[in-house]
Amino acid sequence: MWLVISLYIVFLLVFLLIPPLYDGVERKIRAKLHSRVGPPTVLQTWYDILKLFKKELVVTDTGLLSILLGGLLLVTVIITALTMPLGFNTPITSSTASLVLFTVLLIGCQLLWVSLSLTPGNPYATVGVFREAVLGMINEFFLVLGLVALMFYIGSPSFATLSSTRLSITYALIFLLLAVSAYIGSGRIPYDIAEAEPELASGILIEFSGPLLGITLYSHFLKRAILYGILADMIVLPLARAIGVVGAAILYPVILLVIWVIFAVISVLLGRTRVDIAPKSMLKIYIPLSIAILIAWIAGV
Amino acid sequence: MGLKKLFKPFKLISVARHSGVVTVLYPYQKPLITAEFRGKISIDASKCMGCGACANTCPPNALILSRRDNTIILNYFIGRCIFCGRCAEVCPVGAITVTHEFELASMSTRDLNESLVHQVEKCSGCGGGLGATRRMLQYVILHSPTAENYVHLCPNCRKKRFINALVMKMGARTENVES
Amino acid sequence: MMSADKLVKIVTEKLSGLADEIRYVESAGIIVRVKPVNLREAAHIVHDDIDAYFRTMMAVDERPLNNTFAAYYVFGRDQEGVNIIIETHADPLTPVLPTIADIVPAADWYELEAWDLLGIRFKDRKLHRFVLPDDWPEGLYPLRKDVEYTARPSPRITYKPPLQGPRLPVGPYHPALHEPEYFELFVEGERVVDVEYNGFHVHRGIEKLAESLRFTYQKVPFLAERICGICGFVHSVAYTLSVENAAKIEVPERAQYIRSIVLEVERLHSHLLWLGVACHLLGYDAGFMHSWRIREKVMVLAELLTGSRKTYGINLVGGVRKDINTYKITAINNTLAWLRSEFTKLADLVTSVPQIVRRARGTGILPRDEARKLSVVGPVARASGLDRDVRRDYPYCAYKDVSFKVPVYTEGDNLARVLVRVDEIFEAMNIIEQLLDQLPGGPIMAEEIEVPEGLIGVGNVEAPRGEDIHVIITGRGRPYRWRVRAPTYQNIPALRIMLHDAPLADAPLTIASIDPCFSCTDRIVVIDLKTGRREKLKAPSIPGGCGCKIWV
């Protein structure tokens with residue numbers, strides 16, 4: 001018990017420090033694919049965020065709202081991370097409806113993100129939010145659908161049962177669905193059109209500066225880590241019994257890195273899509289996948 | 001066939017691997033300039049004769065020839081130079097060479113100014129300024145040796161001497177004719 | 001397709017009733033002088049009957065010469081490669097000319113410019129501030145000969161109401177734009193319903209500068225080269241060609257070959273740059289990085305050939321300054337071989353990314369007849385089915401000695417413009433190889449360089465962006481009037497058609513697909529702005545466009 005709790009505290013801190021570090025790794029890998037050097041170290045993203053905290057804060061006349069919502073977003077994302085297992089289950093994540101709680105908090109994060117982007121009232125940001133909303137409506141739906149399917153598959157709305165689940169084709173298909181929705185939900189090319197300043201009019205972060213921008217960026221990376229963390233959990237938790245709690249705790253950040261790197265490489269290979277093409281292309285992936293999950297589950301594979 | 005098309009973007013990985021990292025880590029590595037590169041010019045003070053051909057041809061007027069009292073000053077302001085090398089082309093004595101230097105930034109504009117000061121020769125007759133430097137006169141003599149006879153005199157003194165010579169040839173006696 | 005003589009005969013036939021004088025000047029073309037009252041009819045005959053393209057218009061203050069204001073409308077017959085120039089003169093005290101913007105829609109911008117800078121009024125059309133900033137005082141026309149280059153007027157105060165309604169300002173500072181330009185997009189949700197363009201933020205007064213005492217004929221090529229940071233050599237060559245044509249200077253063949261080689265090298269680097277930018281705008285940064293990596297070798301080659309990566313500085317009136325030796329020829333051949341293999345891989349890769357093809361196909365369409373009416377140039381014209389290329393139609397330098405394909409696509413969408421440029425890169429490599437094969441010996445500079453006064457000359461070059469045309473009237477020691485018309489100037493009015501009723505997300509790619517070079521566009525005549533000061537200029541740019549706002 002105490003082992004679990006102390007392990008958890010240590011690896012929670014690791015988990016909170018990881019997202020900008022992994023982003024640094026991603027930037028180096030992207031640079032290699034571009035035939036260039038990229039940032040000098042993998043700690044660059046951390047340096048950038050910390051540098052932002054030293055800069056001055058410039059806000060619009062709705063600045064107070066932006067600051068409050070920014071803080072609220074950061075707190076909510078961190079709390080969401082607390083409700084998620086980090087490769088092994090804790091008393092919080094073993095509670096009866098922990099998966100449901102996690103799903104609701106995740107949606108809450110997304111809503112706060114959209115609200116935060118609406119606060120400055122800038123026309124560019126508004127266009128960006130419009131695009132984000134179009135994507136988000138479809139993507140969030142299938143993300144929730146995937147998590148609900150997972151709950152049905154493992155038979156209970158708690159993370160605890162995930163450790164004892166059996167692997168099968170249905171499980172793999174659910175994993176795929178969640179992987180796609182995590183990829184799109186974390187704002188990756190081809191679906192990063194919300195914050196894409198080469199596009200003439202988007203940029204939900206356009207009015208943020210200084211510490212507010214630092215907080216927002218960190219929350220963005222942490223949310224990305226949470227989304228990929230679900231996938232890592234789906235891999236590591238079933239193995240936890242075999243390799244023990246400590247092994248699972250160490251394996252978890254490694255698997256998270258592998259997922260992150262794979263997604264990073266895919267995003268370098270593709271171009272950005274357009275906001276009216278995006279829903280159609282998304283549905284072309286999701287609907288067949290959902291039907292396949294249904295069929296596989298009914299067939300019992 | 002559709003699958004092959006789906007995986008074609010992955011060719012990027014082989015392209016990137018084939019070319020490697022191409023960044024030159026300047027200034028920790030040498031910069032990428034060729035032998036033909038035109039940097040700032042260097043004016044050889046031992047050759048320059050202050051004729052101003054370079055200043056005449058310089059498109060942005062980075063080279064300026066000015067006269068002050070009995071000096072001729074050639075000023076080169078790197079801030080205006082476009083590194084075209086026209087000055088080096090037109091200099092009659094080849095005093096200007098184009099170097100490969102391009103790291104010219106400095107905290108003070110004084111570093112960007114170079115001046116060459118020439119003495120203006122005095123007329124051996126009346127002592128007035130000739131408007132030419134010694135090297136200019138030597139250049140003229142080099143290309144036209146008979147010029148040595150009159151090139152050290154200002155036009156007025158030349159005129160006086162010519163009239164004196166003419167008068168003497170006609171056999172009259174004169175004192176120095178005052179102008 | 002007929003001979004030049006036959007064309008002269010036909011022109012004489014059709015216009016002899018209207019014209020006061022028709023003469024053929026080899027350096028410029030068929031010059032038809034008409035009275036202002038006959039201008040519209042003459043323009044209609046030349047543009048529609050004779051089917052000549054409108055190339056440029058030059059307005060000149062000729063009061064010191066013949067006490068009039070003159071306007072030269074340059075039309076061109078591609079098939080024969082001959083210009084037809086309609087010359088007309090206006091009263092020196094109250095210069096008024098009829099408008100031809102309804103007959104020749106492409107002439108709209110030129111008339112506004114002539115009004116702004118020379119004070120020539122055009123009847124029956126709305127005139128508004130176009131090139132000059134809003135706070136430039138009234139009644140001071142910078143390009144007139146009585147206004148000194150050093151004049152510094154004090155600004156007048158104007159009031160501009162703030163932007164209202166569903167208008168999205170893009171620029172003058174925007175991360176997507178590489179140069180200051182200002183588009184006002186009228187959006188409804190995600191659809192662009194109209195666009196206003198206000199430009200001329202980086203107007204530097206280059207034409208007036210070349211007329212001032214600071215410059216001479218041999219110094220202007222260096223000024224011309226700095227008109228644009230990507231296609232500077234094109235302007236330098238067009239200028240020297242116009243002077244050499246006017247003064248009938250015999251440029252040695254070797255010099256023409258060297259000019260052509262360097263022009264094609266410039267085309268390579270410009271198209272590679274553009275391809276990278278287009279990829280970047282579509283989110284495919286890998287394409288951007290790799291195309292610029294390939295381009296870097298071209299830049300190093302350019303430096304080896306000329307001494308500088310971009311502002312080559314090798315062009316002078318009468319020839320070039322730097323020669324090509326065998327070492328350089330080997331370097332060119334090596335670079336081209338490497339370039340060919342690398343670029344084929346890159347073009348393959350870029351066209352395989354589904355998002356790029358999906359977003360470029362069917363967007364930003366410019367129909368053929370609209371393109372013809374606006375007389376667009378370059379890849380924009382060739383992608384809309386107009387088979388125009390100045391290298392083939394009005395040959396200059398060494399292009400008459402080489403054979404090359406001119407890629408023409410008919411779809412008129414962004415993808416067509418991409419493919420035209422990709423094809424042109426391969427063609428440019430072919431041309432360079434042919435030129436190197438046939439490189440003649442001899443001097444690289446003309447023996448006699450004497451430029452008499454009062455001659456008119458036209459020089460044109462196919463820049464990477466399209467046809468660049470310079471018209472010059474020679475003066476003593478320096479040009480009397482130098483008219484630079486860069487290709488983007490002719491192409492921007494087409495943007496309104498391309499962006500109309502299109503999704504907002506297509507706008508950046510569409511704007512970038514005409515390869516806009518605003519440095520080129522904005523350099524038109526005198527504005528005595530101190531360097532670095534930019535003014536936001538407001539003027540609708542399209543004839544009869546909705547949303548017209550007149551601040552004057």
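Q: How many residues does the contact take from chain B and from chain C?
A: Two residues are in contact if their C-beta atoms, placed from the backbone, lie within 7 Å. Here the contact takes 17 residues from chain B and 17 residues from chain C. On the chain B side, helix 2 (residues 11-19) of chain B gives the largest share, four residues. Helices (H or I, at least four residues) and strands (E, at least two) are DSSP runs, numbered from the N terminus.

Q: Into which classes do the residues on the side of chain B that touches chain C divide?
A: Ala, Val, Leu, Ile, Met, Phe, Trp, Tyr, Cys and Pro count as nonpolar, Asp, Glu, Lys and Arg as charged, and the others, Gly among them, as polar. That side of chain B has nine nonpolar, three polar and five charged residues.

Q: How many residues of chain A are in contact with chain C?
A: There, 22 residues of chain A meet 25 residues of chain C. The chain A side comprises 12 nonpolar, four polar and six charged residues.

Q: What is the pLDDT average of chain B?
A: First, this is a predicted model: local features need pLDDT of at least 70, side-chain atom pairs count only at pLDDT 80 or more, and totals for chains, interfaces and linings use all residues. Residues are numbered from 1 along each chain as its sequence is written, while chains are lettered from A and ligands numbered from 1 in the order in which they are written. pLDDT is the predictor's confidence in each residue, from 0 to 100. Chain B averages 89, and 95% of its residues score at least 70.

Q: How many helices and strands are in chain A?
A: Chain A has eight helices and zero strands.

Q: How do helix 6 and helix 7 of chain A pack?
A: Two packed helices are described by the angle between their axes and the distance between the axes. Helix 6 (residues 169-185) of chain A and helix 7 (residues 210-269) of chain A pack at about 45°, with their axes 9 Å apart. The contact includes A:Phe175 and A:Leu178 of helix 6 of chain A, and A:Leu227 and A:Phe263 of helix 7 of chain A. By class, this contact has 11 nonpolar, one polar and no charged residues.

Terms used
Axes are lines fitted to C-alpha atoms, for helices over the stretch in contact, and angles run from 0 to 180 degrees between N-to-C directions.
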